[in-house]
Amino acid sequence: MKQVVVTKDLVKKFGELRAVDRLNLQIQKGEIYGFIGPNGSGKTTTIKILSGLLRPTSGESYVLGCRIPDPSIFPRIGYMPQEVALYPDLTVSQTISFFGEIYGLGKKEMEKREEELLAFVDMKAKRKEMVSNLSGGMRHRLSLAVSLIHKPELLFLDEPTVGVDPELRTSFWEYFRDLTEDGVTVLLTTHYMDEASRCDRVGMIREGKLVAVGTPDQLKEKTNTQSLEDAFLHYVRRIG
Ligand SMILES: Nc1ncnc2c1ncn2[C@@H]1O[C@H](COP(=O)(O)OP(=O)(O)OP(=O)(O)O)[C@@H](O)[C@H]1O
Ligand SMILES: [Mg+2]
């Protein structure tokens, strides 16, 4: 199976703090990989390194076969940050056009993509609304749409469903599954264990270290627990 993300002894220090501590990840093409861990365990830091936004202190990472940092991966990856980063003075439609232009989409393609993405996040009625007037959940939806605009091969989604209502969360998951059927790989973080259960594999991180990895069933089996939540508590409490 082709590995699309590999890290080798990845370390990121902030002063004395080891936010990422000899992390070894392997993520395969076409899987939904859930990156699960307590607040402050290093998930966002890892994703920022993999997206080329942050330099590691030491270690190596490879994304889509390129040793990063490598700007050639930018058009091939989509990144939805945990903190929504949109321009408040643009409308929803202008936001999509703005990011589409950055990725070099032509006018016709952009119009088509805008329709598809607004339908996906159920925001067609908000097209002319200013970003500054959107609710928190709506901004989150738009941020997800933006990360998908250029049809990336690999998606880094940092808590993509926070603040999103249950109905839309379900359709997001259906969409993620459709994407993987087309060979797209999804690395996402979540604090919702029902979502973690829907991932192909889950990596549990604690204090910057990967403490367990496997399918949800494997993790339950290994810990002799009935739910992924109990497996998670087993790993975050007992190891270290
Ligand atoms: N720029 C920074 N400067 C100093 N410390 C930082 C910086 N960014 C992150 N940290 C610290 O690194 C650790 C890991 O943070 P990170 O954001 O990666 O955690 P996380 O697993 O994404 O947490 P959450 O679930 O709350 O989003 C935390 O202790 C955080 O305070
Ligand atoms: Mg985070």
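Helices (H or I, at least four residues) and strands (E, at least two) are DSSP runs, numbered from the N terminus.

**Ground rules.** I am looking at a predicted model, where local features need pLDDT of at least 70, side-chain atom pairs count only at pLDDT 80 or more, and totals for chains, interfaces and linings use all residues. Residues are numbered from 1 along each chain as its sequence is written, while chains are lettered from A and ligands numbered from 1 in the order in which they are written.

**Ligand 1.** I listed the residues near the ligand (C-beta atom, placed from the backbone, within 6 Å of it). Phe14, Leu17, Ala19, Gly37, Asn39, Gly40, Ser41, Gly42, Lys43, Thr44, Thr45 and Gln82 surround ligand 1. Strand 2 (17–23) and helix 1 are the elements that give two or more residues to this shell. Sorted by class, the shell has three nonpolar, eight polar and one charged residues. For this sorting, Ala, Val, Leu, Ile, Met, Phe, Trp, Tyr, Cys and Pro are nonpolar, Asp, Glu, Lys and Arg are charged, and the others, Gly among them, are polar.

**Whole chain.** I found eight helices and 11 strands in the protein chain. Its C-alpha trace spans about 50 × 40 × 35 Å along the principal axes. Next I checked the radius of gyration, taken over C-alpha atoms, against the globule rule of 2.2 Å times the number of residues to the power 0.38. A compact globule of 240 residues would come out near 18 Å, and the chain's 18 Å agrees.

I then followed an open sheet of six strands in the order 7-8-9-4-10-11, with mixed pairing; two strands pair if DSSP finds at least two bridges between them. Strand 7 (77–80) and strand 11 (209–214) are at the edges with a single partner strand each, so each has one side without a neighbour in the sheet. Neighbouring strands are turned by 15 degrees against each other on average, direction ignored. My angles run from 0 to 180 degrees between N-to-C directions, with axes as lines fitted to C-alpha atoms, for helices over the stretch in contact.

**Strand 4.** Strand 4 (residues 32–36) runs parallel to strand 10 (residues 201–206), with four bridges between them. Tyrosine 33 is opposite arginine 201 in strand 10, and isoleucine 36 has methionine 204 as its bridge partner there. Strand 9 is also parallel to strand 4, again over four bridges, and there phenylalanine 35 is opposite threonine 189.

I asked myself how many residues of strand 4 are buried. Five of the five are, so the strand is largely enclosed by the rest of the structure. Buried takes 20 or more other C-beta atoms within 10 Å of the residue's own, exposed 12 or fewer, and partly exposed lies in between, with C-beta atoms placed from the backbone. Ile32, Gly34 and Ile36 cover one side, Tyr33 and Phe35 the other.

**Lysine 128.** My last stop was the loop between helix 3 (107–120) and helix 4, where lysine 128 lies. Lysine 128 counts as exposed because it has 9 C-beta neighbours inside 10 Å. Leaving out residues up to four places away in sequence, I noted that lysine 128 touches Thr91 and Ser93, contact being C-beta atoms, placed from the backbone, within 7 Å.

Terms used. Contact = placed C-beta atoms within 7 Å.
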